[in-house]
Amino acid sequence: MNNATSAAKPLQTHAPAVVIGGGVIGCSILYHLAKAGLTDAVLLERDELTSGSSWHAAGNIHGLHDSTNISRIQHYTMQLYGQLEEETGQSVGLMRTGSLYLAQTQEREHQLRLQAAKAKLYGMKFHEITRDEAERLHPLVNFDGIRCIMFEEDGGNIDPSGVTHAYAAGARQMGARIERFTPVTATEAQPDGTWIVRTPRGDIRTPWVVNAAGLWAREVAALAGITLPLQPAEHQYFVTETIPEIAALDRRLPSVADRDGEYYMRQEGQGLLIGAYERDMRFWAEDGTPPDFGHELFGDDLDRIMDNVMRAVTRVPVVETAGVKRVVNGPMIWTPDGNVLFGPVPELKGYFCACGVIPGFSQSGGMGRSAAEWITQGEPKYDLFGWDMARYDAWADAAFTKARVRDSYAHRFAIHFPNEERSAGRPVRTRPVYQQQLEMGAVMGLNAGWEHPLWFADTPGTQDTNGFTRQNWWAPVGDEARMLRDRAGIIDISNFAKYRVSGPGAEDWLNALFANRMPRKVGRSCLTPLIGVRGGIAGDFTVTRLAEEEFWVIGSGMAERYHRRFFNAVPLPEGTQFDSLTEAVCGFNVAGPNARAMLQSLTNASLATADFPFMASQRITLAGVECVALRVSFTGDLGWELHCAEAEQPRLYAALLEAGKAHGAGPVGSRALMSLRLEKGYGSWGRDYSPEYWPQESGLDRLVKQDKDFLNKAAVLDTMSRDARERLVLLAVDGADTDASNADCTGGEPIFAGDQGVGRVTSGGYGYHVGLSLALAYLKEGTPREGLSVMILGRPHRARVLDTPPFDPEGRRLRA
């Protein structure tokens, strides 16, 4: 169809969804929307399909990822391609040659062995092979210096144009429309919650706008008043001339993933395709993507990637004498962490983002399916918070985005270690005591843009070391945890999300939102889950009634923007006010057996149990600072949360540190807090609680009050009427600190009973006070409590289910 023919056809005036962008992601979303029943959805493309990044992609596909759910999405995508070709008759150029994954370092070996264990749990074809087997599969590779070789049977590559057009063909077969040469000039929100999408060929009214505009995602978002943290960068790969040794073979070679060498390689024709993410990267289109850019490429600049290429030459010596047939240097658009910005914009109704996709051909199918689930069912099947566009907010400005994109690009193949904190672009958001904490030796982490202390080193300026085994912070964190358990500790909790709901309808609104019943008495608190669309755990909160018409709500700081979607789903009653206090209010948790005596020296308010029992709250004056004091503690110990105005934070901190000296108390970081909550068996949202898990599986069913109405009640009644699929348990893991691994669980480790996969770890660490390596994990219902093995670093470690938490199982210290 030529341009004139396409433009002459009238646009439909209404559609259940309008997808903007005709690359592989936009076409996959359209295909999956049609498959989900939205057969009259429409896709608008400013030029030809694949214009932008899709057409020049290398087209490699792989299934394994450090994130279990992204692995599931990639696995689905790889399996879909064969079905898609059969369904549509459009070739996708699928080459299942397999992929060799090489480990040059112990850390990479740990990563690959853990991924192999996950693959076994989820039935994916990824396993270790010997050097002899690898040499038979790829005789051109020099395997000297390789510690471990994994083989992914389904790995390989596809034809980027073929895949994109196959999705398009499949969507059209089901009735969806694709309009090429139809740029979007405006997206206008309407009072009834719909959108009008304007084009030179006419307007379309729709309840859903899907921004899958690739290189133009920033510009399309700006039409709706949205700013996205995205930045394009150049990326190069080249294809060699014919290599005689390859031409002489009667089969295709597997691809090579030598990520320690920082390049990728696969067969292309009778030569090799080699690409790299170089340290000396280049940004492109910093001020906006040119509107007339399409199928253009940049000039070659192979000198920039020559260090990477020379490592490829060492690994595959025939490359050294091969000529270069062609060089591809084109743009890709990046997010700060290299993961897609995915999901509905929390502040807007009916606006969906799928922007900044890098491994698009490994993720396109699963991303399209997840988008269709979100749009048609209200929530995806998997917990995708690591992709959720709500993980960033206005604090992720242009300077932060550029710094993080530079770091993400240059370290694309670097291992993302558990607990790793990268420094690029920081600090962004700090509290008044930030500099003081640094001078005290605080090693900082990033949470929703906020700097917060992870642990305190003896020497200011100390940085984390990173790895899968215990690192330089392991022993100091233990000292902090034991100090709190034996005496007391002061934990900065200013990065928690804090909200105030006030007015005559506050109680009714909170009861309509949350699953638990709100406190009826002033000065009392409750714990409550927030229920997701599918009946899982979308959040867990502490709600405190401070006055007859005033409540404080405290939740996960990193999920504040994510939770706006749920808060916005329940209309506020007239005269009721909702305010975020996260920026305006700071907080400290003071906990441990000496916490009461320490705090009592700073206030005239009685902190005695009779006057201030567990789960009570009061406004008190502490060292002259007005505080909201809550008798709760995520440590599982006697403790108070103290919240004050941000301007008063230095005064309160100084008083707490000074008072702590007489009671053997000092600063404690968030890593110790994570250890302490494990000793008590407390789950954490985003780790042990998520929308994937039902209340009875997470142990939160007692907090769901079925005799009142609340958000997504019908969904949770449905899930709670079913038998639990799995249960959250606390495990003690044997051998973590005595064998060669010297490592604890961190999350994601598979669990086996014999050869049978029975569960996975959601969070883990060392319980310093109880002297146990601990893990919270979900086990399939009916799993025996003995004979379990947790695959730490891919190696089996004996584990046993604990019937009660090892610290204070009866809660006597918590309620003292």
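Start with the largest nonpolar core: select Y167 and F342, which of its 48 residues touch the most other members. Such a core is a set of buried Ala, Val, Leu, Ile, Met, Phe, Trp, Tyr and Cys residues joined through side-chain atoms within 4.5 Å. Buried means under 20% relative accessible area, exposed over 50%, partly exposed in between (1.4 Å probe, protein chains only).

This is a predicted model: local features need pLDDT of at least 70, side-chain atom pairs count only at pLDDT 80 or more, and totals for chains, interfaces and linings use all residues. Numbering runs from 1 along each chain as its sequence is written, and side-chain values use heavy atoms, with hydrogens and water left out.

Stay with the core of Y167 and F342. Now colour α2 (24–35), α3 (68–88), α6 (160–173), β19 (351–355) and α10 (360–377); each supplies at least two residues of this core. The largest share, 8 residues, is from α2. Helices (H or I, at least four residues) and strands (E, at least two) are DSSP runs, numbered from the N terminus.

Zoom in on F342. Leaving aside neighbours within four places in sequence, F342 is in contact (heavy atoms within 4.5 Å) with F352, C353, A354, M367, S370, A371, W374, L384, W387, D388 and M389. Apart from this core lies another, of 44 residues; select W509, C526, L776 and Y778, which are among them.

Next, the second largest pocket, with a volume of about 630 Å³. Select P344, W374, G378, R565 and F566, the closest to its centre of the 28 lining residues. Helix α15 (residues 560–568) gives the largest share of this lining, 4 residues.

A pocket is an open set of points on a 1 Å grid over the protein atoms alone, with protein on both sides within 12 Å along at least five of seven lines; in a cavity a 1.4 Å probe fits but cannot get out, and lining residues have an atom within 4 Å of a point. Points are joined across faces, edges and corners, and a volume is the space filled by probe spheres set on them.

Move to the cavities: 4 are of 30 Å³ or more. Select its lining: R431, Y434, Q437, W450, E451, H452, P453, D492, S494 and N495. Two or more of these come from each of α12 (434–439) and β21 (450–456), with the largest share, 4 residues, from β21.

Last stop: G269, in the loop between β15 (263–268) and β16 (271–276). G269 is partly exposed, at 44% relative accessible area. Draw a distance to T242: the C-alpha atoms are separated by 7.6 Å, with the residues 27 apart along the chain.
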